[in-house]
Amino acid sequence: MKKELRQYHLKRELGLVAATLSGVGIILGAGIYALIGKAAGIAGNAVWISFFFAAAVAALTGLSYAELSSMYPKAGAEYVYTEHAFNKKLAFIVGLLIIISGIIGAAAVSLGFAGYFSALFNTPLVPTAAVLIFLLSVVNYWGIKQSARIAILFTLIESFGLIAIIFIGIPYFGKVDYFEFSPVGLGGVFSAASLIFFAYLGFEEIVKLSEETKNPTKTIP
């Protein structure tokens, strides 16, 4: 006799605010705190144009994710979408690419954090990033509800940090040429935009919460 496979289900703990802030936290952490210095170095004062271009492209991708997540609210996300549209072989390749991009993304953000932390406390860069990844892995293992609460807390801290910078910068508004390109010119703006696009992948992480979100066909989009 064939043994029946056990059916496991993830706990639906997240609401609209928790799912949204989880994605926003990734966008702020990767785009503002980790990559903006690199992007500004490439594009110059016109880096805001790079953000605009990256946002426009990301919006189209995000709308596609919103539609697909309402049709197939599964944690497999891109794998499931590709499987339904094409076949399992192509879905496997897409899933493998998503895993690789996740590893690269985690490395980039953890190294960005470690860079700031090392500047403050003079700690070694790579070990600091490794410790961060280990601690966050423990949090993820702890449970989605606890992970979401910590993500919300850090997102609020990130947001308040940006608000503080905005208020500090207001007196200097208008004293800078916002159309001053780097020596690379317009090509630098587009190069920076391709780098910044990485930051907007926060929405890509939201769809992976589909099976841990209440009413995902409405909440996730």
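Okay, before anything else, one term: a residue counts as buried when its relative accessible area is under 20%. What we have on screen is a predicted model, and Gly-29 sits in helix H1, which covers residues 16-34. Its relative accessible area comes out at 12%, so Gly-29 is buried. What does Gly-29 touch, if we skip residues up to four places away in sequence? Ala-34 and Glu-158.

Let's step back to the whole chain. The C-alpha trace spans about 75 × 40 × 30 Å along its principal axes. There are 221 residues, and 32% of them count as buried. Now take the contacts in the chain with a separation of 6 or more: 75% of those are between residues 24 or more positions apart.

Next, the inside. The largest nonpolar core has 19 residues, and the members touching the most others are Val-47, Ile-196, Tyr-200 and Val-207. Which helices each supply at least two residues of this core? They're H2 (36-43), H3 (47-71), H8 (186-197) and H9 (202-206). H3 is the top contributor here, giving six residues.

Leaving out its neighbours within four places in sequence, Tyr-200 is in contact with Ile-27, Phe-51, Ala-54, Ala-55 and Ala-58. And there's another core, apart from that one, made of five residues, including Leu-14, Ala-18, Ile-144 and Leu-209.

Start with H2 against H8: the axes are 7 Å apart and the angle is about 165°. Angles over 145 degrees count as roughly antiparallel, and that's therefore the label for H2 and H8. The crossing of H2 past H8 is right-handed. On the H2 side you'll find Lys-38, Ala-39, Ile-42 and Ala-43 making the contact, and on the H8 side Gly-188, Val-189, Ser-191, Ala-192, Leu-195 and Ile-196. By class, that contact splits into seven nonpolar residues, two polar and one charged.

Then there's H3 against H8. How do these two sit, and at roughly what angle do their axes cross? They cross at roughly 50°, and the axes come within 8 Å. H3 and H8 are therefore oblique to each other. H3 also passes H8 in a right-handed crossing. From H3, the residues involved are Val-47, Ile-49, Ser-50, Phe-51, Phe-53, Ala-54, Val-57, Ala-58 and Thr-61. They meet Val-189, Phe-190, Ala-192, Ala-193, Ile-196 and Phe-197 of H8. This contact has 13 nonpolar residues, two polar ones and no charged ones.

Last stop, helix H4, residues 78-85. Which residues are buried there? Glu-78, Val-80, Tyr-81 and Thr-82. The buried residues of H4 pack against H3, H9 and helix H5, which runs 88-121.

Technical notes: Residues are numbered from 1 along each chain as its sequence is written. This is a predicted model: local features need pLDDT of at least 70, side-chain atom pairs count only at pLDDT 80 or more; totals for chains, interfaces and linings use all residues. Side-chain values use heavy atoms; hydrogens and water are left out. A nonpolar core is a set of buried Ala, Val, Leu, Ile, Met, Phe, Trp, Tyr and Cys residues joined through side-chain atoms within 4.5 Å. Buried means under 20% relative accessible area, exposed over 50%, partly exposed in between (1.4 Å probe, protein chains only). Helices (H or I, at least four residues) and strands (E, at least two) are DSSP runs, numbered from the N terminus. Contact means heavy atoms within 4.5 Å. Axes are lines fitted to C-alpha atoms, for helices over the stretch in contact, and angles run from 0 to 180 degrees between N-to-C directions. Angles under 35 degrees count as roughly parallel, over 145 as roughly antiparallel, 65 to 115 as roughly perpendicular and the rest as oblique. A crossing is left-handed if the near helix is turned anticlockwise from the far one by less than a right angle, and right-handed if clockwise. Ala, Val, Leu, Ile, Met, Phe, Trp, Tyr, Cys and Pro count as nonpolar, Asp, Glu, Lys and Arg as charged, and the others, Gly among them, as polar.
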